[in-house]
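Visitor: Could you show me how to read the packing and the ligand site in a model like this one?
Guide: Gladly; let us look at it together.

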Amino acid sequence: MLFISLLFLALLGPTSASASQALFTFPNLNVTYYYDHANFPYHPACDAAAGGPGWAKPTNEGASACGQSVKELNTNAVVAMNVTWLNSDGYASRLENLCGREVQIWKDGVQIKMKGGPFFLWEGCQACASLPRIDLSLNAYIAATGDKECHRGTVGSYDVYVMDNFVRRASAGRITLNPSALLFGLAFAAFI
Ligand SMILES: *[C@@H]1O[C@H](CO)[C@@H](O)[C@H](O)[C@H]1NC(C)=O
Ligand SMILES: *[C@@H]1O[C@H](CO)[C@@H](O)[C@H](O)[C@H]1NC(C)=O
């Protein structure tokens with residue numbers, strides 16, 4: 001029983017012991033969309049605006065800056081950000097320190113939420129290196145903007161935070177014990 005609760009607490013990770021904090025803050029960005037893991041015809045107007053049926057297939061299936069494709073990850077929660085910033089400390093650092101971190105998107109004090117969230121950083125965006133924006137899935141774009149017909153394309157002004165917790169890890173396939181959560185687990189187990 002003690003062992004089970006220790007293991008359980010250790011696997012929960014940092015958010016079980018404390019609330020996540022913003023590591024990077026990007027105020028006043030625009031949002032746009034660049035892929036759609038859920039297939040059309042759910043949003044035919046967006047499909048047409050984006051280039052017709054199958055427009056998202058190459059992005060859905062292509063490898064991303066952090067490894068697996070959105071299709072492999074089976075998610076619409078991938079966020080692409082400024083590729084220059086993403087790469088500024090090199091490839092290894094990107095994979096270890098940036099890929100998979102939670103991304104929070106806020107507008108006018110309200111956090112944008114989407115079924116299948118939370119959002120996480122998993123791709124570099126070339127346009128975002130020179131324009132103040134982030135790239136999202138179509139579902140996330142609609143959740144953020146309410147623009148179900150994709151009339152607007154890019155919409156401002158969102159505050160974006162890259163958090164200290166990870167939703168995914170780029171070096172997948174291993175379960176890592178979180179030291180602070182393990183300590184918390186030890187203290188908790190001693191208490192009960
Ligand atoms: C993208 O990141 C680079 C490196 O951090 C920075 O110099 C540049 O201003 C950023 N671009 C935008 C549009 O914020
Ligand atoms: C940001 O979005 C606004 C509309 O909300 C648009 O007028 C502006 O051109 C966009 N800017 C960029 C850099 O995409």
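Guide: Contact here means heavy atoms within 4.5 Å. Please keep in mind that this is a predicted model.

Visitor: With that cut-off, which residues is M81 in contact with, leaving aside its neighbours within four places in sequence?
Guide: The partners of M81 are F26, V103, L121, E123, G124, C125, C128, I134, V160 and V162.

Visitor: And how should I read the nonpolar core?
Guide: In soluble globular proteins, nonpolar side chains tend to be buried together. In this case, the largest nonpolar core holds 45 residues, and M81, V103, F119 and I134 touch the most other members. The element that gives the most to this core is strand β1, residues 22-35, which supplies 6 residues.

Visitor: What does the whole chain look like in these terms?
Guide: The protein chain has 9 helices and 7 strands. Of its 192 residues, 42% count as buried. Take the contacts between residues at least 6 apart in sequence: 79% of them join residues at least 24 apart.

Visitor: Now the ligand. Which residues are around ligand 2?
Guide: A residue counts as near if one of its heavy atoms lies within 4 Å. Around ligand 2 these are N30, L131, P132, R133, T154, V155 and G156. By class, that shell has 3 nonpolar, 3 polar and 1 charged residues.

Visitor: Where do polar atoms meet ligand 2?
Guide: Oxygen atoms of the ligand lie 2.4 Å from a polar side-chain atom of N30, 3.1 Å from one of R133 and 3.0 Å from a polar backbone atom of G156. Ligand 2 alone exposes 360 Å², of which the protein buries 52%.

Note on methods
Residues numbered from 1 in each chain as written. Chains lettered and ligands numbered in written order. Predicted model: local features only at pLDDT ≥ 70, side-chain atom pairs only at ≥ 80, totals over all residues. Heavy atoms only, no water. Polar contact = N/O pair within 3.5 Å; in protein donor to acceptor, adjacent residues only side chain to side chain. Areas by Shrake-Rupley, 256 points an atom, 1.4 Å probe, with all protein chains shown as cover. Nonpolar A, V, L, I, M, F, W, Y, C, P; charged D, E, K, R; others polar. Core = buried A, V, L, I, M, F, W, Y, C linked by side-chain atoms within 4.5 Å. Buried < 20%, exposed > 50% of the residue type's maximum accessible area, 1.4 Å probe, protein only. Helix = DSSP H or I, 4+ residues; strand = E, 2+ residues; numbered from the N terminus.
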